[in-house]
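Subject: Handing over the structure

Dear colleague,

I am passing on the structure to you with this email, and below it you will find a description of what was found in it. Please keep it open while you read.

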Amino acid sequence: MDHVRPASADDELTPASPGALPRRLAWALEVIAPRPTDRLLEIGCGQGVAVAAICQRLTRGTILAIDRSATAIVAARRRNRDHVQAGTARFETMALADMAVGATRFDKIFAINVNLFWRDASRELEIVRRLLVPGGRLHLVYESPTAAQLDRIAREAVTTLEAGGFPAATVRRGTGNDRHLIHIASAGKVARIRF
Ligand SMILES: C[S@@+](CC[C@H](N)C(=O)[O-])C[C@H]1O[C@@H](n2cnc3c(N)ncnc32)[C@H](O)[C@@H]1O
């Protein structure tokens, strides 16, 4: 995790109002564009700042957020106490590789500044593929200070995604104040229909 900015003390102090979101999270919400009825999964939610902003947009939608750090999940649950009580948000301490695939499917699965997808993530991507509804999308957002590092992240992530059954990823760079951000999205391989 040498060139992705880790969550900072500023994020910890950020109130759960979308207007006060750190820029990378505000941009992530723009490009992921959660709809009010979406079922969402966030991988590596940290202290739950994005979840808090997303819950304000959800009507019948829900979000499950996982993080392998128990400390992060405690903070995320605390921040999103009301959304948890309302049944809109749920948090689990868990690495993606350990997530069981049950009956629940997600419209959008996303990760912000989680370096998991730069390396071999075949096990994790298989889980993501099984968790997505047909036509659902995986969204990755990264922040990095230089264009060269963003290019490298994009190359590595796209290669990992292709190897894991997520071809034809779209890569979008932020502009202006968002030029340090990148969004990579893919719907995954379409299952072959047998007649
Ligand atoms: C740099 S922080 C980003 C937190 C938050 N997404 C944000 O942008 O503020 C990366 C988070 O991903 C979590 N993480 C890394 N690999 C993970 C995995 N395989 N499964 C679940 N969580 C993971 C870490 O514990 C950490 O909280």
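The shell around the ligand divides into 11 nonpolar, four polar and four charged residues, where Ala, Val, Leu, Ile, Met, Phe, Trp, Tyr, Cys and Pro count as nonpolar, Asp, Glu, Lys and Arg as charged, and the others, Gly among them, as polar. Please bear in mind that this is a predicted model, in which local features need pLDDT of at least 70 and side-chain atom pairs count only at pLDDT 80 or more, while totals for chains, interfaces and linings use all residues. Residues are numbered from 1 along each chain as its sequence is written, and side-chain values use heavy atoms, with hydrogens and water left out.

Of the 19 residues around the ligand, those that come nearest are R24, G44, D67, L96 and I112, and a residue counts as near if one of its heavy atoms lies within 4 Å. A polar backbone atom of G44 is 2.8 Å from a nitrogen atom of the ligand, and an N or O atom in the side chain of D67 is 2.6 Å from a ligand oxygen atom. For I112, a backbone N or O atom lies 2.9 Å from a nitrogen atom of the ligand. On its own the ligand has 590 Å² of accessible area, of which the protein covers 88%; such areas come from the Shrake-Rupley method with a 1.4 Å probe, and for residues only the protein chains shown count as cover.

Turning to the charged pairs, a search of the whole structure finds nine salt bridges, each being a side-chain nitrogen of Lys or Arg within 4 Å of a carboxyl oxygen of Asp or Glu. R23 meets E30 in one of them, at 2.9 Å from N to O, and R23 also forms a salt bridge with D178, with the closest N and O atoms 2.6 Å apart. Because R23 lies in helix α2 (residues 23-32) and D178 in the loop between β6 (170-173) and β7 (181-186), the pair ties together parts that are 155 residues apart in sequence; helices (H or I, at least four residues) and strands (E, at least two) are DSSP runs, numbered from the N terminus. D178 counts as buried at 10% relative accessibility, whereas R23 is partly exposed at 36%, where buried means under 20% relative accessible area, exposed over 50%, and partly exposed in between (1.4 Å probe, protein chains only).

With kind regards

Notes. Polar contact = N/O pair within 3.5 Å; in protein donor to acceptor, adjacent residues only side chain to side chain.
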